[in-house]
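Dear colleague,

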Amino acid sequence: MNREQEKAGGSSRGTLWGRIACGWAVAFAALHFSWGLGGDAGLSVAAGPLATERPLWFVVAGLWGVGGLCLLGALLARLLTRSDLRGRPAALARWLGWGVSAVLLTRGIGVEVMLLTGTAQVDASVSEQQRAWTLALWNPWFIAGGLAFGLATLRASRPTDAEPPPASTL
């Protein structure tokens with residue numbers, strides 16, 4: 001596909017959604033790395049008491065670890081945009097793309113529903129402000145990421161105009 005077709009709105013193998021998913025993952029990684037380096041903007045409403053205590057396990061696994069996983073997600077999103085990815089690597093990328101989408105959507109929608117319906121037993125240490133930010137910002141953020149990864153994977157699963165149709169088995 002040439003640049004003119006891409007500018008006109010056509011994209012090969014979900015390039016637009018893959019780029020959006022990649023940007024989502026990089027932004028989430030940057031936020032976690034910022035927190036891992038000592039930043040606190042938004043952390044108190046995301047992590048509650050852990051934000052002030054910052055135990056080593058939380059910094060290593062919860063901040064740096066999640067940031068690293070997000071960078072791997074960004075790499076996956078870029079792989080989903082590649083039109084030259086074929087065979088088992090393409091199938092693995094699509095399988096992982098659907099998995100990431102499912103995890104993010106389940107987390108975002110599941111927590112949203114539990115908080116809105118009151119079915120979740122919320123720890124007393126979780127403030128009303130933290131619940132409000134979770135409903136208004138964090139869960140929609142997870143849902144947006146899940147949709148972006150799902151659409152990138154869906155687009156990566158479809159053959160492009162440049163690909164020949166599958167051979168007939170008759």
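On a 1 Å grid over the protein atoms alone, a pocket is an open set of points where a 1.4 Å probe fits, with protein on both sides within 12 Å along at least five of seven lines, and its lining residues have an atom within 4 Å of a point; a volume is the space filled by probe spheres set on the points, which are joined across faces, edges and corners.

This is a predicted model, in which local features need pLDDT of at least 70 and side-chain atom pairs count only at pLDDT 80 or more, while totals for chains, interfaces and linings use all residues. Residues are numbered from 1 along each chain as its sequence is written, and side-chain values use heavy atoms, with hydrogens and water left out.

The largest pocket has a volume of about 780 Å³ and is lined by 36 residues, with Phe-28, His-32, Val-66, Arg-107 and Phe-142 nearest its centre. Among the helices (DSSP runs of H or I, at least four residues, numbered from the N terminus), α5 gives the most to this lining, with 11 residues, and α2, α3, α6 and α7 are among those that supply at least two residues each.

Thr-81 lies in the loop between α5 and α6 and is buried, at a relative accessible area of 11%, where buried means under 20% (1.4 Å probe, protein chains only). The side chain of Thr-81 reaches the backbone oxygen of Arg-78 at 2.5 Å.

Cys-22, at 14% relative accessibility, also counts as buried, as does Cys-70 at 9%.

Best wishes

Methods
Buried means under 20% relative accessible area, exposed over 50%, partly exposed in between (1.4 Å probe, protein chains only). A polar contact is a pair of N or O atoms within 3.5 Å; within protein, one must be able to donate a hydrogen and the other to accept it, and residues adjacent in sequence count only if both atoms are side-chain atoms.
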